[in-house]
Amino acid sequence: MAETERQILRLEGKRASGGLVVGPAHLLGDIIVRDQTPAGTSDDEISKLRSAIATASEALETLAGTSGDMGGEILGFQIALLEDDALIEPAVAEIEAGASAAKGWRDALDEQIADYDASDDDYFRARAEDLTDLRDRVLSILTGADFGDGGMPDGAVLIGRELTPSRFLAVDWHRAGGLALAGGSPSSHVAMLARARGLAMAVGLGDGISALHSGEPVVLDADAGRVISGLGQDALEQARRDVAARARQAEDAKRLLPLPATTRSGQRVITTVNVDDPASLSEVPVGHSDGIGLTRTEFLFHDRADLPDEEEQAAVYRRLLDWADGRPVTIRTLDAGGDKPIPGLTLDGEGNPFLGLRGLRLSLARSDVFEVQLRALARVSVHGNLKIMFPMVTAPWELDRARELMEAALAAVSKEGVTVGEPAIGMMVEVPAAAIEIERFDADFFSIGSNDLIQYVTASSRDSAEVSDLYDPLNPAVLRLITRIADHGLKTGKEVSVCGDMAAEATTLKALLDCGVRSVSMGYAALAQAKATIADYVTEP
Amino acid sequence: MSVQPTDQEAIERSVLLTHKVGLHARPSVKLTKLAKQYDAVIAIKPDDREDWTDAKSIVKVMALKAKQGVTLHFKAEGSDAESALDAMVGLVERNFDDGGD
């Protein structure tokens with residue numbers, strides 16, 4: 001068989017979300033057009049390109065029309081680029097020289113993308129993303145390839161260069177088996193989303209992915225951060241048996257799901273779930289968790305270019321409260337900025353967005369947007385055990401200010417005749433200045449955002465593969481701060497939980513328990529394994 | 001600000017770019033859209049560049065990657081060249097009407 005003679009290809013990268021998958025490779029839109037030969041004359045190909053660009057422009061216009069002033073302005077940039085002949089000329093020249101429309105377009109855009117990528121200015125470098133979006137939007141029209149999962153076989157391993165959160169969320173991950181990226185980073189938001197779903201994902205596999213073909217069977221060993229192709233039948237069978245064995249193990253852990261989590265010594269540990277998509281709750285039996293520990297409201301509205309109004313937000317929050325059936329529901333106010341830009345809201349061109357106007361800072365600066373969210377929260381506050389949490393609190397006055405605004409929203413809504421409750425007001429602890437001086441913050445509860453805390457304590461970007469060895473959850477400085485916050489909780493009787501990725505992995509979860517943390521929140525996919533880890537844990541004397 | 005005719009018809013003016021992040025996406029969109037409203041041929045050149053660039057092309061204007069602190073030179077040629085330059089320079093002086101910064 002030709003298959004056994006094929007060369008075995010091993011691509012080494014990093015684990016972003018654990019798992020083992022055997023399935024057909026499915027290359028994401030941006031790389032499958034590489035070898036396309038022109039179907040028609042160069043004139044045909046040029047008019048094909050022009051009409052694809054016109055279609056893309058129309059789609060963007062429609063989107064811009066529903067995106068509000070500033071959102072529309074950002075999309076306006078992409079539209080202006082598409083309307084500019086200077087963008088298209090190099091592609092046309094290449095097509096005249098014999099390339100297909102798709103290849104000409106791709107090469108022309110790649111050249112520009114590389115030019116922006118090489119800029120020493122963060123802002124201009126970031127524009128490479130706009131061009132990449134445009135490139136792929138037009139390519140998907142030209143080739144019929146979907147942005148996301150079009151034509152994907154069941155159980156496929158999706159292969160691509162990079163993936164933005166919005167594209168990730170467009171894929172039907174119930175059908176896909178895993179994700180393997182040439183670039184990317186284990187601490188990116190896409191990686192977080194993958195972990196929340198229990199989806200196997202490897203990153204940093206390098207340019208070698210271009211040697212993979214759609215449809216060929218590959219093994220994605222995400223635990224080792226590896227993709228292997230070209231395996232013979234025997235090796236594939238063995239890999240499939242390994243997958244089955246792991247699935248049985250995971251099934252075993254699931255028996256713990258309906259039970260409250262307790263350590264081997266009988267100490268209760270609160271286990272709640274993180275929610276980024278309310279639709280995903282339909283698959284989470286409410287009795288499996290102690291409630292919702294984190295709702296990332298910036299992701300609730302991911303599929304739109306503008307923020308929803310008060311009515312819509314209130315409806316979503318109400319849905320979460322109804323689902324929880326009296327259990328606590330922690331809703332974090334908008335945490336945009338950093339690596340989660342929202343067109344029209346976050347600042348363009350910050351030199352260092354992770355240290356810039358993000359989280360609560362942005363909300364306080366944009367009180368018009370903040371107020372809509374606080375009013376929506378106020379309106380549902382009587383319908384369950386609502387806890388409101390502010391992200392990126394750095395100074396006590398920020399928390400005080402946010403609390404005042406929340407109280408004002410409650411008063412205003414109440415005045416309009418809506419019965420309101422008394423939601424607890426808490427804060428994320430992710431900035432070292434807050435963690436070190438935790439006593440100065442008058443919050444009803446604390447939630448440690450371990451991902452950002454690690455990044456700020458180790459001065460290592462969560463998005464940089466180059467420094468991912470330094471981005472270490474077990475760095476003693478990180479653990480000491482977490483211990484400090486847990487101690488403060490113990491002394492004051494205020495709840496301290498951890499809602500970052502540290503809660504989702506066995507090794508780091510044990511470290512959290514060592515630090516004295518007794519409340520953790522994670523994606524539902526990680527809950528069974530976490531309960532098993534907790535059940536095994538012997539509380540230290 | 002000085003108006004100096006460089007040859008028969010083309011006129012030229014310059015202005016300091018004070019916008020915080022330079023000639024980035026939104027400013028570039030505004031600048032090229034405004035330029036397109038005029039019949040005149042309008043060219044732009046930051047201090048640190050050798051060649052003139054078509055001020056009506058967003059792709060080319062963005063590619064200049066002009067940053068805060070450089071001086072932008074504008075050159076226009078055509079019937080409405082004078083008012084075109086007023087508009088260009090005015091836009092840069094008003095910081096592209098960018099309230100966000």
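Analyst: This is a predicted model. Start with burial, which rests on a count of neighbours: a residue is buried if 20 or more other C-beta atoms lie within 10 Å of its own. In helix H16 of chain A (residues 450-458), seven of the nine residues are buried, so by this definition the helix is mostly covered.

User: Which residues of H16(A) are buried?

Analyst: They are Ser450(A), Asp452(A), Leu453(A), Ile454(A), Gln455(A), Tyr456(A) and Val457(A).

User: How many helices and strands does chain A have?

Analyst: Chain A has 19 helices and 16 strands. Of its 541 residues, 49% are buried. For contacts, look at sequence separation: among those in chain A with a separation of 6 or more, 69% join residues 24 or more positions apart.

User: How many residues of chain B are in contact with chain A?

Analyst: 15 residues of chain B contact 17 residues of chain A. On the chain B side, helices H1 (25-36) and H2 (58-63) each supply at least two residues. H2(B) gives the most, with five.

User: Which classes of residue make up the side of chain B that touches chain A?

Analyst: That side has seven nonpolar, four polar and four charged residues.

Conventions:
Residues are numbered from 1 along each chain as its sequence is written. Chains are lettered from A and ligands numbered from 1 in the order in which they are written. This is a predicted model: local features need pLDDT of at least 70, side-chain atom pairs count only at pLDDT 80 or more; totals for chains, interfaces and linings use all residues. A residue is buried if 20 or more other C-beta atoms lie within 10 Å of its own, exposed if 12 or fewer, and partly exposed in between; C-beta atoms are placed from the backbone. Helices (H or I, at least four residues) and strands (E, at least two) are DSSP runs, numbered from the N terminus. Two residues are in contact if their C-beta atoms, placed from the backbone, lie within 7 Å. Ala, Val, Leu, Ile, Met, Phe, Trp, Tyr, Cys and Pro count as nonpolar, Asp, Glu, Lys and Arg as charged, and the others, Gly among them, as polar.
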